[in-house]
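Thank you all for coming.

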Amino acid sequence: MEGINNLGGTCAINSLIQMICRCKKLRDCILNANVHEGTFTYELKEVIDLLHNQKQSLHPAKFMDFFYKTFDKTFHRYEQIDINELWFYVFEKINEETAFSDEISDKITSIHDEHDYKISIYNNRKISAVMKLVQGSFINIIQCKSCGHKSHSFEPFITIALDIDEAKTIADLFISTLTDENREKDGWTCNNCKGNHEYLMMKRIWKLPEIIFISLNRFKDIYHKNNTDVYVNERINFVPGSVLSDMNNNHTYKLQAIGLHYGNLQGGHYMSVCNINDETFNLYNDNQVQSMERSQFIEHNLKNNSAYLIIYELL
């Protein structure tokens with residue numbers, strides 16, 4: 001059932017590969033990438049082809065050798081890897097190997113133009129198919145409480161990190177993250193009135209990608225893990241007006257995969273559970289694969305204290 005052998009501390013890599021492979025848009029993006037042999041993306045493409053198209057279980061010695069050679073300054077054999085950090089580096093490498101010039105005009109006549117130009121500058125004037133799929137952005141707004149002036153900046157993301165608080169669902173955590181924050185006087189100075197005043201900080205979604213990666217902030221440090229149960233919504237709906245670049249439409253996402261972490265950062269284990277066809281879910285524990293009906297998945301996986309990295313896909 002297309003498992004992947006653990007070659008010593010490779011459970012995070014195995015789990016992320018399964019999550020990518022079982023997310024159709026992301027899988028197709030990598031399988032369709034025009035890359036040369038000898039690149040990381042080519043090696044990952046080969047692994048995904050074996051898992052998905054050829055339905056083979058893997059002993060991925062060749063891929064792991066290439067992985068540790070590629071990321072030799074970051075990841076080391078037999079050491080546990082944080083799956084959120086791993087996704088960041090994997091994305092960066094795929095993007096680097098597949099990016100092309102972004103022909104964004106520097107003529108700015110609207111806030112939409114401003115966003116596109118500044119995000120393009122952040123991305124070094126490069127774009128790729130995988131970036132188009134997974135990169136979104138926030139707009140951060142600061143309002144002076146004295147004169148009412150608002151200033152803003154744009155913040156791109158490929159993963160949305162959510163703090164675990166009293167809210168118990170992913171949807172609630174989104175709402176909590178986007179709650180306005182009143183700030184007392186500090187080092188901030190208003191650009192308009194030039195005064196040092198109290199101010200209001202607002203974070204809003206500017207643009208959502210087709211695929212949302214969410215990480216739950218379970219670790220305050222390497223020794224302490226937040227094991228609070230979180231309900232992972234099967235669907236997340238962003239109503240009209242909640243996405244500022246597209247105020248008129250619903251944006252509904254379905255749950256595609258959950259990366260599960262057990263233990264702590266010094267001695268833990270990763271598995272992943274992935275949506276196969278909405279009625280069937282597979283739990284991937286390295287080379288062991290357990291198929292579940294939707295009712296089993298809902299009972300045992302939607303509410304848990306181990307969800308760590310989550311993928312949603314736009315319907």
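**Strand pairing and a cavity**

Let me start with Ile142, whose bridge partner in strand S7 is Met201. This is a predicted model, in which local features need pLDDT of at least 70 and side-chain atom pairs count only at pLDDT 80 or more, while totals for chains, interfaces and linings use all residues. Residues are numbered from 1 along each chain as its sequence is written, and side-chain values use heavy atoms, with hydrogens and water left out.

Strand S3, residues 136–144, runs antiparallel to S7, residues 199–207, and eight bridges join them; two strands pair if DSSP finds at least two bridges between them. S7 also pairs with strand S6, residues 181–183, in the antiparallel sense over three bridges, and here Asn182 stands opposite Leu200. Strands (E, at least two residues) and helices (H or I, at least four) are DSSP runs, numbered from the N terminus.

Now to the cavity: a search of the whole structure finds one of 30 Å³ or more, and about 60 Å³ of space lies in the largest cavity. A cavity is a set of points on a 1 Å grid over the protein atoms alone where a 1.4 Å probe fits but cannot get out, and lining residues have an atom within 4 Å of a point. Grid points are joined across faces, edges and corners, and the volume is the space filled by probe spheres set on the points.

Among the lining residues are Ile13, Phe40, Phe63 and Val90, and H1 gives the largest share, four residues. The lining has 10 nonpolar residues, no polar and no charged, where Ala, Val, Leu, Ile, Met, Phe, Trp, Tyr, Cys and Pro count as nonpolar, Asp, Glu, Lys and Arg as charged, and the others, Gly among them, as polar.

Technical notes: On a 1 Å grid over the protein atoms alone, a cavity is a set of points where a 1.4 Å probe fits but cannot get out, and a pocket is an open set with protein on both sides within 12 Å along at least five of seven lines; lining residues have an atom within 4 Å of a point.
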